[in-house]
Amino acid sequence: EACQLHEWMKIPELARLTFPTRFIGPLTPEVTEYLSTGALVLPEGCEVAEAKGIRIEDIDDEDAGKWNEDAQPPESDSSSESSDDSAPRPSFPLLVQQIQEAIEGLGGSVFPKLNWSAPKDARWIAPGQTLCCTCPADIFLLLKASDFISHDFHHAFDHCLPVAAPSAEPVQPTEPSEGFFLALRRCVPVNSSREFRCFVVQRRLVGASQRDLTRPFDHLLEQEDQIHDFISDFWDKIRQ
């Protein structure tokens with residue numbers, strides 16, 4: 001649990017080294033249930049057209065019908081129900097308001113995360129295929145479509161050892177003790193060739209690798225000594 005974003009950002013010396021972030025949570029059981037299960041339906045107050053970066057006033061009646069069809073669940077096959085009936089969209093007005101206020105407070109564009117993961121695998125569904133969100137609908141689309149976020153909800157503790165409780169059998173945790181949090185971070189362009197994953201054992205830096213393993217960055221070989229010194233100096237500074 002110490003690896004959760006909202007946990008390590010409680011340390012001022014670490015929080016000042018990263019992007020400005022606002023946390024919303026713990027999320028209610030209703031919101032957690034909505035984000036972790038069910039069809040990709042946006043809550044009330046969040047429109048599909050808004051999420052796609054299209055102004056509502058630019059859509060005519062015929063196109064609006066097509067957008068609305070995308071946001072509705074399929075019709076029931078049951079003969080006991082009218083084909084015109086559909087399940088109501090979820091409603092989280094407070095959460096939508098909190099997200100909008102956080103977006104405005106962080107400069108108009110944010111990068112969403114849950115306790116551990118970001119919805120990087122859902123980039124394909126986002127407007128412009130970017131993870132920078134400018135409205136609540138963008139955020140809900142990414143979170144609902146992401147397998148990484150689903151893993152946070154359902155499998156974060158799968159490989160953790162059971163916790164020994166006093167006078168009781170060890171218990172395998174299934175969710176964070178403080179609940180789930182939505183983190184909204186100021187969206188800042190980052191050069192992926194300058195991101196590194198560091199490995200620390202007993203407060204000793206033992207190795208580092210490029211974070212993006214899908215692409216080769218040839219210039220890193222030429223800068224190996226400078227990168228080594230920079231990372232070492234950075235670690236010495238933050239561990240004090």
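# A helix, a sheet and a ring cluster

The buried residues of helix H3 pack against H6, H7 and helix H8 (147–154). Buried means under 20% relative accessible area; exposed is over 50%, and partly exposed lies in between (1.4 Å probe, protein chains only). Packing rests on contacts, meaning heavy atoms within 4.5 Å. Helices (H or I, at least four residues) and strands (E, at least two) are DSSP runs, numbered from the N terminus.

This is a predicted model: local features need pLDDT of at least 70, side-chain atom pairs count only at pLDDT 80 or more, and totals for chains, interfaces and linings use all residues. Residues are numbered from 1 along each chain as its sequence is written, and side-chain values use heavy atoms, with hydrogens and water left out.

Which residues of H3 are buried? They are Val31, Thr32, Tyr34, Leu35 and Ser36. After H3 comes glycine 38, with a positive phi near 85 degrees.

The whole structure holds three aromatic pairs. Rings of Phe, Tyr and Trp (its six-membered ring) pair if their centres lie within 6.5 Å; planes under 30 degrees apart are stacked, over 60 edge-to-face, and the rest tilted. Why is the pair of tyrosine 34 and phenylalanine 140 edge-to-face? Their ring centres are 6.0 Å apart and their planes stand at 70 degrees, so the pair falls in that class. This pair links distant parts of the chain. Tyrosine 34 is in H3 (residues 29–36), phenylalanine 140 is in H7 (residues 136–145), and 106 residues separate them.

Both rings belong to one cluster, formed by Tyr34, Phe92 and Phe140. Tyrosine 34 is buried, at 9% relative accessibility. Phenylalanine 140 is buried too, at 1%. Tyrosine 34 also has a charge over its ring: the charged end of lysine 144 sits 4.5 Å from the ring centre. That label needs NZ of Lys or CZ of Arg within 6 Å of the centre and within 35 degrees of the ring normal.

## The sheet

Strands of a sheet pair through backbone hydrogen bonds, either parallel or antiparallel. Here, three strands make an open antiparallel sheet in the order E1-E3-E2. Strands E1 (21–24) and E2 (110–113) are the edges, each pairing on one side only. From one strand to the next, the twist averages 20 degrees. Two strands count as paired if DSSP finds at least two bridges between them.

| Pair | Sense | Bridges | Facing residues |
|---|---|---|---|
| E2 and E3 | antiparallel | four bridges | valine 110, arginine 186 |

Helix H6 (residues 93–105) packs on this sheet and touches E1, E2 and E3. Its direction makes about 175 degrees with that of E1. Axes are lines fitted to C-alpha atoms, for helices over the stretch in contact, with angles from 0 to 180 degrees between N-to-C directions. Four of the five residues of E3 are buried, so E3 is largely enclosed by the rest of the structure.

## Confidence

The predictor's confidence in each residue is pLDDT, from 0 to 100. The protein averages 81, and 78% of the residues score at least 70. Over residues 52–74, pLDDT stays under 50, and the model has 18 contacts there beyond four places in sequence. Residues 78–85 are also below 50, with two contacts beyond near neighbours in sequence.
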